[in-house]
Amino acid sequence: MAARGFKVGVAARRTEALEHLKTHNPDNVEYMAIDITRSDAPERLSMLIDLIGGMDVYFHAAGIGYDNPDLKPAREAEIVNTNSCGFARMVSAAYRYFRDNGARGHIAAVTSVAGTNGLAGMAAYSASKRMAQTYLVALEQLSRNEGCKIAFTDIRPGWIRTPLLHDGTKYPFEMTLDYAVERIVRAIDRKNRVAVIDWRWRLLVWLWRLVPDCIWTRINAGIMIGR
């Protein structure tokens, strides 16, 4: 987006990569350290919006996910805190910005194909992604009820090769970051309501929805999560 000339505000817990981005786009990138699990995150988002002079699109790509078959409580809670509580904290802040300013806005968020059904070993992750998808539906209904002009895009990728994936493990239908980003940006440009990334995952998700729980719970999840 920055390379295309948009004024971009970027945020993350760690700022090294953000500093690098600004160095290469000094005129149209601003950044700020924001931890979405902290209560001051919406206030810091507001400060970032002021730095770039307003906001037309809010893109939420913050999330964590771990294979946790042992159901270690601290890890389950960490996933839910980031992917559910943090998601609600930031997406609601973006919604309030557009609503309170009477602005035509666009909220785009990365959820996951994992929100389609619960995956063994990834219970908290699957549930948190389903929550995010439902949250966007609820906000879209609220937007229509309140007469707001806010578009919503739910981006649902499969496995993307990032540091969150285990080195040396091959994941089903794994995508490179460049391949996925091109399709994600296209979905945002088109304001697609739901965008499953890519066609292989669209087909698989369609099939997943047809499977009743009594059968789904008997499927070996290892074939879907790269064990």
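Helices are DSSP runs of H or I with at least four residues, numbered from the N terminus. In this predicted model, Trp-206 belongs to helix H6, which covers residues 199-210.

**Nonpolar surface patch**

- Trp-206 is one of five residues in a nonpolar surface patch, the others being Trp-199, Leu-203, Leu-207 and Leu-210.
- Together the residues of this patch have about 570 Å² of accessible area.

**Second largest pocket**

- The volume of the second largest pocket is about 160 Å³.
- Helix H5 (177-190), strand E6 (194-197) and H6 are the elements that each give two or more residues to its lining.
- The lining includes Arg-183, Arg-186, Ala-187 and Arg-190, as well as Val-194, Ala-195, Val-196 and Ile-197.
- Asn-192, Asp-198, Trp-199 and Arg-202 also line this pocket.
- Sorted by class, the lining residues are 6 nonpolar, 1 polar and 5 charged.

**Salt bridges**

- There are 12 salt bridges in the structure.
- One of them joins the side chains of Asp-189 and Arg-4, with an N to O distance of 3.2 Å.
- Another salt bridge pairs Arg-161 with Glu-174, at 3.0 Å from N to O.
- Arg-161 and Glu-174 are 13 residues apart, and each is placed in the loop between strand E5 (150-157) and H5.
- Arg-161 is partly exposed, at 27% relative accessible area.
- Salt bridges with shared partners connect Arg-99, Asp-100 and Glu-146 in one network.
- Within that network, the closest N and O atoms of Arg-99 and Asp-100 are 3.2 Å apart.
- Asp-100 counts as exposed, with 55% relative accessibility, because the cut-off for exposed is over 50%.
- Arg-99, at 31% relative accessibility, counts as partly exposed.

**Backbone geometry**

- Most residues other than glycine have a negative phi, and most peptide bonds are trans.
- The peptide bond from Ile-197 to Asp-198 is cis, and its omega is near 10°.
- Phe-173 is not a glycine, yet its phi is positive, near 50°.
- The position of Phe-173 is in the loop between E5 and H5, where Glu-174 is also found.
- Phe-173 counts as partly exposed, at 35% relative accessibility.
- Lys-191, also not a glycine, has a positive phi of about 55°.
- Lys-191 falls in the loop between H5 and E6, and its relative accessible area of 46% makes it partly exposed.

**Parts distant in sequence**

- The C-alpha atoms of Met-1 and Val-185 are 8.3 Å apart in space, while the two residues are 184 residues apart in sequence.
- Met-1 counts as partly exposed, at 39% relative accessibility.
- Ala-41 and Ala-93 are 52 residues apart in sequence, with a C-alpha to C-alpha distance of 9.1 Å.
- Ala-41 is in helix H2, residues 41-52.
- With a relative accessible area of 0%, Ala-41 is buried, because buried means under 20%.

Note on methods
Residues are numbered from 1 along each chain as its sequence is written. This is a predicted model: local features need pLDDT of at least 70, side-chain atom pairs count only at pLDDT 80 or more; totals for chains, interfaces and linings use all residues. Side-chain values use heavy atoms; hydrogens and water are left out. Patches are made of residues with over 30% relative accessible area and no salt bridge: like charges are joined within 9 Å, nonpolar side chains (Val, Leu, Ile, Met, Phe, Trp, Tyr) within 5 Å. Accessible areas come from the Shrake-Rupley method with a 1.4 Å probe; for residues, only the protein chains shown count as cover. A salt bridge is a side-chain nitrogen of Lys or Arg within 4 Å of a carboxyl oxygen of Asp or Glu. On a 1 Å grid over the protein atoms alone, a cavity is a set of points where a 1.4 Å probe fits but cannot get out, and a pocket is an open set with protein on both sides within 12 Å along at least five of seven lines; lining residues have an atom within 4 Å of a point. Grid points are joined across faces, edges and corners, and a volume is the space filled by probe spheres set on the points. Ala, Val, Leu, Ile, Met, Phe, Trp, Tyr, Cys and Pro count as nonpolar, Asp, Glu, Lys and Arg as charged, and the others, Gly among them, as polar. Buried means under 20% relative accessible area, exposed over 50%, partly exposed in between (1.4 Å probe, protein chains only).
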